[in-house]
Amino acid sequence: MKTMQAVWITRPGGPEVLEIREVPQPEAIADQVLVRVRASALNRADLLQRQGKYPAPPGFPQEIPGLEFAGEVADIGPQVKRWKAGQRVFGLVGGGGQAEYVVVHERLLAEIPNNLGWIEAAAIPEVFITAHDALWKQAQLRPGETVLIHSVGSGVGLAAVQLVRAMQAVPYGTSRTAGKIEKAKKEGLEAGLAVQDNFDELASAAEGWTNGKGINVVLDLVGGPYVKASQKLMATLGRIILVGTVAGGSYELDSRFVMGKRLQIRGTVLRARTLEEKIQVTQSFASEVAPLFANGVLHPNIDSKFKLADISEAHQRLEANESFGKVVVEIS
């Protein structure tokens, strides 16, 4: 039996519960592709899975975290038609991405542009697929519109800034710290506000940014009180896309704003979608977003990189809430 090295959650707890173990290597069957993983990146879901608060979906390893990967095709199942050994690919998986090998449905893969290395490619899938699907597809963002991104210094937030600019729309943002607002401006952010409990300031700031017209689209990666504040800032027919709940999962809505402005409020999540839905999202990313990396319109945002043996330190970095961009783990 072939084996591989993988990150292993020994028990629920802090970063110290992680270790590198020798485990059985998966095999590609039917329409699956075996990918030799060269790099992966961390997400909040990995921290929650490690803590025992966010189990992997059925069919994926509970003890091996990792939602995204970049690597090369090592083997293919007998029904695979799209890929051949040696091709460089990246994508999302329900779990198990922080290992030397992972098996993925052939249509959940996208080809890595030639100008990107493994570390750069690994920093892309989760944040850019999430932001692309939320903004371009679900919110149907159009040129000239304004977008407010809550937690703009996060991985998804920074990807969103770039995708808003690529659509020729105008990105604004919030963060808990003024320093991340200033850094995000170098990535294309038009303006932003450091928010603690000063949501009234946010209302007046948005009014100034839009000359009183209101925000067309809000990408809320935080939840809780941010939703309550956002509905007041919106333009007529504005769209609020709810992605995160780090500030709370309960929202207080006011019919004066929701009904009066005819707002659309939509929740979204990638991990729980059906295979066909995930395929559709991946193929849209491959055709619309990946080429923008090839021609330099978009670029990955990397905070730091760690060796596989230093996985606990990588978790500590993300958990400290000081990262700006993606924390990447080099598998080999």
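Leu233 sits in helix α7, which covers residues 225–233; helices here are DSSP runs of H or I with at least four residues, strands are runs of E with at least two, and both are numbered from the N terminus. The model is a predicted one, in which local features need pLDDT of at least 70 and side-chain atom pairs count only at pLDDT 80 or more, while totals for chains, interfaces and linings use all residues. Residues are numbered from 1 along each chain as its sequence is written, and side-chain values use heavy atoms, with hydrogens and water left out.

With a relative accessible area of 5%, Leu233 is buried; the word buried stands for under 20% relative accessible area, exposed for over 50%, and partly exposed for what lies in between, with a 1.4 Å probe and protein chains only. Leaving aside residues up to four places away in sequence, Leu233 touches Leu148, Leu202, Ala203, Ala206, Gly214, Ile215 and Lys261, where a contact means heavy atoms within 4.5 Å. Glu63 lies elsewhere: its C-alpha is 43 Å from that of Leu233, and the two residues are 170 apart in sequence.

Besides Leu233, the buried residues of α7 include Tyr226, Val227, Ala229, Ser230 and Gln231. Their cover includes the helices α6 (199–209) and α8, along with the strands β8, β9 (170–175), β11 (215–220) and β12 (234–242).

Two of these covering strands, β8 and β9, are themselves partners. They run parallel and are joined by five bridges; strands are taken to pair if DSSP finds at least two bridges between them. Within this pairing, Ile149 has Gly173 of β9 as its bridge partner. Strand β9 is largely enclosed by the rest of the structure, because five of its six residues are buried.

A second pairing, this time antiparallel, links β3 (residues 32–41) to β6 through five bridges. Strand β6 spans residues 101–105 and is mostly covered, with four of its five residues buried.

Ser151, in the loop between β8 (146–150) and α4 (155–166), has a phi near 70°, a positive value in a residue other than glycine. Its relative accessible area of 25% makes Ser151 partly exposed. Arg262 likewise has a positive phi without being glycine, with a value near 55°, and belongs to the loop between α8 (255–258) and β13 (264–267). Arg262 counts as exposed, at 52% relative accessibility.

Along its principal axes, the C-alpha trace spans about 65 × 40 × 35 Å. Of the 332 residues, 56% are buried. Among contacts between residues at least 6 apart in sequence, 67% join residues at least 24 apart.

The accessible surface comes to about 14400 Å², with 49% of it belonging to carbon and sulfur atoms, as given by the Shrake-Rupley method with a 1.4 Å probe. The chain carries 36 positive and 36 negative side chains, and the centres of the two sets are 4 Å apart. In this count, Lys and Arg are positive and Asp and Glu negative, with His and the chain ends not counted; each charge is placed at NZ of Lys, CZ of Arg, CG of Asp or CD of Glu.
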